[in-house]
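Subject: Structure handover

Hi there,

Here is the structure I promised to send over. Please have a look at it first, and then read my notes below.

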Amino acid sequence: RATDVVVPSRNLARIARETWRLPRVPLIPNGLDAGRFSRNADAGRAFRALHGIPDDALVLGAVGHLRPVKNLGRLIRSLADAPFDGDKRPHLVIVGDGPERATLARIAEARPEDVQVTFTGHLEDLAPAYSAFDVLGISSDSEQLPISLLEAMAAGVPVVATDVGDVSATLPAEARRHVVPLGPGVERDLGAALVELCGNPERRAELGALGAARVREVYALDAMVAAYDRVYEAARKR
């Protein structure tokens, strides 16, 4: 009997209309206060020092609840199997906790010695982590519009991801070449995207700047709140 059912992603809007047969489905993308995640070099260095990560390491970050749908084992395997040159393989930092942590730790321990994986556990303040990241990895089987994606973009962190939910639509067009389709070759393709992006600092800087501008333009917290205000006001009038 709801007047409206608000959804945060295009994918969920399609499901709501085609499967649930809901008549009124306003789409309001997630928004955030981008200023909270502005890159802070000092905070990034402090985060690295706290977690034993060399200051000169290239850091691949992942953020989220450690549950099966996030499939972070895929990210670990992609990183381990990707053809990085010499010591250029990035240090993977997984921020978050959940039921898959022990399984992920076993996957990481089974990798070669040059595959460095750090688990930070749950963190209340994620901004320093994003300031320490050079690249964000998303390896999920399913998403809608990941908050971690918006937070990374706000911090100027470029992204390598599986093509799930609204990930591609959220990123700047120039960044979508590093989004890979799910399928039999997904781990290989994810690894290739990591090699390409991690090996190109100029490309990372360019995509980071484009992402930061896009999140401020399209996914601002004020815009999300205003959109919800309009939905409630229209419902009140009806």
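Let me start with D166, which sits in the loop between β5 (159–162) and α7 (167–170); helices (H or I, at least four residues) and strands (E, at least two) are DSSP runs, numbered from the N terminus. Before going further, please note that this is a predicted model, in which local features need pLDDT of at least 70, side-chain atom pairs count only at pLDDT 80 or more, and totals for chains, interfaces and linings use all residues. Residues are numbered from 1 along each chain as its sequence is written, and side-chain values use heavy atoms, with hydrogens and water left out.

A salt bridge is a side-chain nitrogen of Lys or Arg within 4 Å of a carboxyl oxygen of Asp or Glu.

**Salt bridges**

By that rule there are 14 salt bridges. One of them joins E143 and K70 (2.7 Å, N to O). E143 is in the loop between β4 (135–138) and α6, and K70 in the loop between β1 (59–63) and α3 (72–81), so this pair ties together parts that are 73 residues apart in sequence. Both partners count as buried: E143 at 11% relative accessibility and K70 at 15%.

R77 and E187 also form a salt bridge, with their closest N and O atoms 2.9 Å apart. R77 belongs to helix α3 and E187 to helix α8 (residues 186–198), so the pair links parts that are 110 residues apart in sequence. R77 is partly exposed at 25% relative accessibility, and E187 is partly exposed with a relative accessible area of 25%.

**R203 and E206**

R203 forms a salt bridge with E206, and the closest N and O atoms are 3.9 Å apart. These residues are 3 apart in helix α9 (residues 201–218), so about one helical turn separates them. R203 counts as buried at 16% relative accessibility, whereas E206 is partly exposed at 40%.

Happy browsing!

How values were computed. Buried < 20%, exposed > 50% of the residue type's maximum accessible area, 1.4 Å probe, protein only.
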